[in-house]
There are 2 protein chains.
Amino acid sequence: MFQKLAIVGVGLIGGSFGQWARQNRVAREVVGVARREETLVEAVACDCVDWATADLLHACTGADFVFLASPVGQIPAICAQIAPVLAPGCLVTDGGSTKGFVAQCEAIFGEKAHFIGGHPMAGGEKSGPCAARPDLFAGATWILTPTSKSDATALQKLRVLLEKTGAKLLETSPQTHDELVAVASHLPHVCAAALVHCPRETQENAPQIEQIVASGWRDSTRIAEGNPEMWRDISRQNRAALLDSLEKFAAHLEEFRAILRGDDAAKIEEWFRVAADERRRF
Amino acid sequence: MFQKLAIVGVGLIGGSFGQWARQNRVAREVVGVARREETLVEAVACDCVDWATADLLHACTGADFVFLASPVGQIPAICAQIAPVLAPGCLVTDGGSTKGFVAQCEAIFGEKAHFIGGHPMAGGEKSGPCAARPDLFAGATWILTPTSKSDATALQKLRVLLEKTGAKLLETSPQTHDELVAVASHLPHVCAAALVHCPRETQENAPQIEQIVASGWRDSTRIAEGNPEMWRDISRQNRAALLDSLEKFAAHLEEFRAILRGDDAAKIEEWFRVAADERRRF
């Protein structure tokens, strides 16, 4: 059992982890950190944490387990702030959706604390601590991104702990993680947004488009409604991998355009067949 | 009331139209045409038609109303075959998902019959005459594509009739129809297929991709499972409009790649925001 678990950012992910940790007595004390007063009140009211504060250093002082569930862009700066006050050998992990900053955090903590990057692939329509559920991670994939610098004991401790949430653990390098989520999540989002841009420019046809969009279009573009600030940040944080997957995607599109231009019936069918067969595997 | 309605192709669309026509006494006689013996038996068993035959000319002889629900590529050839046996002034319409062949059909019939292109945007997971429902078109959009050569009386007759199915009628030129469905339906299909091609090529990562694909990816790529032969034919029949929409789409993607390469936070956010706002209108 840990002495003090500090959860930095008690939204849906941080709050759910807190509820699960409290129910399973993971630590003697579970503290939440948030900037907004309303979030602090809700985090306690919804049983996410024992107590909550806006004071990051106060919350993290003496912590032997830290879960960083704040926006990805803030994580390295938070690590630099809390490093001096943590208990020696503290286990630090995060829930960020990109992992390019892992090496930076490892360097910040050095031997003082053990940082292991993570990404629980769970979520929901609602956000905030009162949308939290202690079983949010059950059945979800939780990616861990250890490196050659990771402390083996800390990593094993984290694995055993997270498996108890019911999540399916998957381990990759930080770089592979970013490539995988670029292809599986960020690229589809950009495509959905680009699809929505298309009818928009045909202003003349737009009213008719609204009448004829069928369920296929609605499904393909649903995710384009996502929060623009969040997707701005995700795109920038995963820029290299996203640009790489966009290049591959553009090449596949160009391949199809070429065989369609050439009206090559057999190749057109084969191109759709490969995709249909592949899709059925998922 | 028509004397004889011939439905060429009694699958889901043709069969549903037949059920609706019989229930609403649209014609004294409703005949179905299909190639396969099994389909003929099912079309009668499932109340789609009064009788069914594989003999196209027998079915169409003396018909004053013809609904062509066969594959799009066969429609002009069927029109050429049936033109000599129809009742004078016969109303002919179709359910094809592209409309590039409309001028060809108008020329085939000349003054003998009145061809007006149509496209009921209805469907379902199942196919065949026994999946038919007389209310399949209620609430669906039914596009009609009259031209300057269309007979005004025949067009008005068709409008009044189809409105009784509960469909919402929308009239465009054949060319605008093809542009609209390219953007709203064919382009999203090609994108979904291209998205599925991306993880496939990263053979090394493929097993992990399967574990991390979230609901966004599943929604974006669901339609890629569609029948490859059907999508081969649709792509070829709507080649010009589809190539045009692919070019626009590629330009939007390239625009995003350029602002992401330049790491322009404000423009990236704006690009996602325009798409999110637009998507919410649908």
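**Exercise 1. Is Cys198(B) buried or exposed in this predicted model, and which residues does Cys198(B) touch?**

Step 1. Count the C-beta atoms around the residue. Cys198(B) has 23 other C-beta atoms within 10 Å.
Step 2. Apply the cut-off. A residue is buried if 20 or more other C-beta atoms lie within 10 Å of its own. Cys198(B) is therefore buried.
Step 3. Cys198(B) sits in helix H7 of chain B.
Step 4. List its contacts, leaving out residues up to four places away in sequence. Cys198(B) touches Val183(A), Leu187(A), Ser245(A), Lys248(A), Phe249(A) and His252(A).

**Exercise 2. Describe the side of chain B that touches chain A**.

Step 1. Size the contact. Chain B contributes 82 residues, and chain A contributes 82 residues.
Step 2. Find the elements. Those of chain B that give two or more residues include strand E7 (141–145), strand E8 (168–171), helix H8 (206–212) and helix H12 (265–280).
Step 3. Pick the main contributor. H7(B) gives the most, with 22 residues.
Step 4. Sort by class. This side of chain B divides into 43 nonpolar, 17 polar and 22 charged residues.

**Exercise 3. Work out how chain B is related to chain A**.

Step 1. Superpose the chains. Chain B can be laid on chain A with an RMSD of 0.1 Å.
Step 2. Locate the axis. In chain B, the C-alpha nearest the axis belongs to Ser220(B), at 2.1 Å.
Step 3. Compare the contact surfaces. The same surface serves both copies, as 100% of the contact residues of chain B recur in chain A.

**Exercise 4. Check the span of helix H11 of chain B, then list its buried residues**.

Step 1. Take the length. H11(B) covers residues 239–261, which is 23 residues.
Step 2. Compare the spans. From first C-alpha to last, H11(B) reaches 32 Å, close to the 33 Å expected at 1.5 Å a residue.
Step 3. List the buried residues. They are Ala241(B), Leu242(B), Ser245(B), Leu246(B), Phe249(B), His252(B), Leu253(B), Phe256(B) and Leu260(B).
Step 4. Recall the helix geometry. An α-helix has 3.6 residues a turn, so residues three or four places apart point the same way.
Step 5. Look past the helix. Just after H11(B), Asp263(B) takes a positive phi of about 55 degrees.

**Exercise 5. Which residues touch the most other members of the largest nonpolar core?**

Step 1. Take the core. The largest nonpolar core has 174 residues.
Step 2. Ile7(A), Val66(A), Ile7(B) and Val66(B) touch the most others.
Step 3. Examine one of them. Leaving aside neighbours within four places in sequence, the contacts of Ile7(A) include Phe17(A), Val30(A), Val49(A) and Phe67(A).

**Exercise 6. Outline chain A and its domains**.

Step 1. Count the elements. Chain A has twelve helices and eight strands.
Step 2. Box the chain. Its C-alpha atoms fill roughly 70 × 40 × 30 Å along the principal axes.
Step 3. Buried residues are 50% of the 282 in chain A.
Step 4. Domain 1 spans 2–171 and domain 2 spans 176–280. Their C-alpha centres in chain A lie 33 Å apart.
Step 5. Inspect the domain contact. In chain A, ten residues of domain 1 are in contact with seven residues of domain 2. The domain 1 side has three nonpolar, six polar and one charged residues.

Methods. Residues numbered from 1 in each chain as written. Chains lettered and ligands numbered in written order. Predicted model: local features only at pLDDT ≥ 70, side-chain atom pairs only at ≥ 80, totals over all residues. Least-squares fit on C-alpha atoms with pLDDT ≥ 70 in both. Contact = placed C-beta atoms within 7 Å. Helix = DSSP H or I, 4+ residues; strand = E, 2+ residues; numbered from the N terminus. Expected span 1.5 Å × (residues − 1). Buried ≥ 20, exposed ≤ 12 C-beta atoms within 10 Å, placed from the backbone. Core = buried A, V, L, I, M, F, W, Y, C linked by C-beta atoms within 7 Å. Nonpolar A, V, L, I, M, F, W, Y, C, P; charged D, E, K, R; others polar. Domains from an automatic or database assignment.
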